Amino acid sequence: MTTSKPQYLSLHALETFAAALPVRDENGQPKAFVYGGAERTAISAQARRRAERTHSRHRANQGEGPLASYSSGRRTREWALFTRDALVKNHAWDPDQAIYAAKAALEGLGLKFGEKESTTLLTKVLFYAPEDSGDRIAEHLNTHADAFNTWLTEYTAAKTEAAAKEEAKKNAKKNARKKTTTPDADAPAEPAAKDSKEEEVKIPALPKDLRTGILTAFAPRDAIDITIFGRFLAEVAELRTVDGAAQHSWAFTIAPAEHIDDFYAAADDAKLERRENALDFLDAADNAGAGMTGYQSLISGTFYRHAALDRDKLRVNLRASGMSVDEAETAAQAAEAEFIQAFVDAVPRAKANSTASTGTLPNLVLAHEGARPYFYAAAFQRHIDETSDGPAALAGAKRLLDHHRLITTKRTDATPGRLLTYDLDIQELIDQLTANGTLPAAEATTLEQLTA
């Protein structure tokens, strides 16, 4: 299924962060890599994708934006808990019975659960499914309660048998340790005990109708974000892997990385109050010093980032989720508009309150189309030198627009597209290029015009 428009929508942005840390590595440090002989600060593609996905989901759930009439997906390990809550709230099941049934049903489907006390009710893997999947599973189990309870009896028997074997194995090992005499050399060797991981419980197969109902509850349906970002679940073969329609690059600074290790001291309010009200210098000295000190790494710089949307793949995914041709076309247009909106407005939320980074707007956004996606990272392989090129955002905008002009001059399958700025200096540049007729794309004055 294809659209009359070019297959790919390519989006490019320059955005500037000052003393922020939108994403960090396992050591709490800024992510970085070397490109063009210089270290660049980086924001990972997965951080951008999550920010955009949750931004759009929040808007849709608030009844805002093009996807307001559609459902959204939720990526979590807590589907047994959501199913339990729905069984209790909507169908008056006993909470203990409900959680046992919910976990059993998901195990019957093929999902595995954690083994620690804190994870026994959580699936081992994150599972991305429509937000109302728990409600739908609960409805299905309640409607088919007789068939489910019959299967649940078999499930319980299998679990009980496995638990008895495990207990017997533990007792055998315990008794073996108690033996203090050397075994007879001529006695036949005892068979080696199997590793406990090999003793997996054989869950009885769910009846076809029950299994189909649960699979249907987890199907993408009209959760359009799943069709955009995709999902993978190896544990359940029938739950089709969704190859997402969106591509995201890592964002990286167009000038060399700029990091600072910020020393901070947090005040203890109670100590300060006692110090301020001390009647002599000894009492004041006893309450001197900060309540906590430490270091945090922060970054500054202008980043280039890119995303692309495969319009054909988006429509194929929507049709595969059960939509008609007309429904898929309407949903695809809404999804594209929201995809652009999230690309512009969404920001990873790490340290949001202490850096105000989520208030950042891009310096420049360029949207254009083509028969293939276009990634303009090569424009910044030679890094911006602010000592000679001037501020990175403005110098980067000049280079990005020059690069785009070059591409659209030499490639017949790339359209000029539209651009939008929230930067005073870049707006002045655009006005100058417009005046002399060399602006390589049409100017958009609002975010909505980028989707035109």
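Tutor: A residue is called buried if its relative accessible area is under 20%, exposed if it is over 50%, and partly exposed in between, using a 1.4 Å probe and protein chains only. This is a predicted model, in which local features need pLDDT of at least 70 and side-chain atom pairs count only at pLDDT 80 or more, while totals for chains, interfaces and linings use all residues. Residues are numbered from 1 along each chain as its sequence is written, and side-chain values use heavy atoms, with hydrogens and water left out.

Student: What makes strand 10 largely enclosed by the rest of the structure?

Tutor: Strands are DSSP runs of E with at least two residues, helices are runs of H or I with at least four, and both are numbered from the N terminus. Strand 10 covers residues 364-370, and seven of its seven residues are buried, so the strand is largely enclosed. Leu364, Leu366, His368 and Gly370 point one way, whereas Val365, Ala367 and Glu369 point the other way, and all are buried.

Student: How do you know that strand 1 and strand 10 pair?

Tutor: Two strands pair if DSSP finds at least two bridges between them. Seven bridges join strand 1 (residues 8-20) to strand 10, and the two run antiparallel; Ser10 stands opposite His368 in strand 10. Strand 10 also pairs with strand 11 (residues 418-421) in the antiparallel sense, over four bridges, and there Leu364 has Thr421 as its bridge partner.

Student: Which strand is joined to strand 1 by eleven bridges?

Tutor: That is strand 9 (residues 292-310), which runs antiparallel to strand 1. Leu9 stands opposite Leu309 in strand 9. Strand 1 is mostly covered, with ten of its 13 residues buried.

Student: Why is Arg59 called buried?

Tutor: The relative accessible area of Arg59 is 15%, and therefore Arg59 counts as buried. Arg59 lies in helix 1 (residues 45-61). Contact means heavy atoms within 4.5 Å. Leaving aside neighbours within four places in sequence, Arg59 is in contact with Glu64, Gly65, Pro66, Glu338 and Gln341.

Student: Why is Ala92 called exposed?

Tutor: Ala92 has 67% relative accessibility, so Ala92 counts as exposed. Ala92 lies in the loop between helix 2 and helix 3 (95-109) and has a positive phi of about 60°, although it is not a glycine.

Student: What makes helix 2 oblique to helix 4?

Tutor: Angles under 35 degrees count as roughly parallel, over 145 as roughly antiparallel, 65 to 115 as roughly perpendicular and the rest as oblique. Axes are lines fitted to C-alpha atoms, for helices over the stretch in contact, and angles run from 0 to 180 degrees between N-to-C directions. Helix 2 (residues 79-91) and helix 4 (residues 133-143) pack at an angle of about 55°, their axes being 8 Å apart. Helix 2 is therefore oblique to helix 4.

Student: Which residues of helix 2 and helix 4 meet?

Tutor: From helix 2, Trp79, Phe82, Thr83, Ala86, Leu87, Asn90 and His91 meet Ser133, Gly134, Asp135, Ile137, Ala138, Glu139, Leu141 and Asn142 in helix 4.
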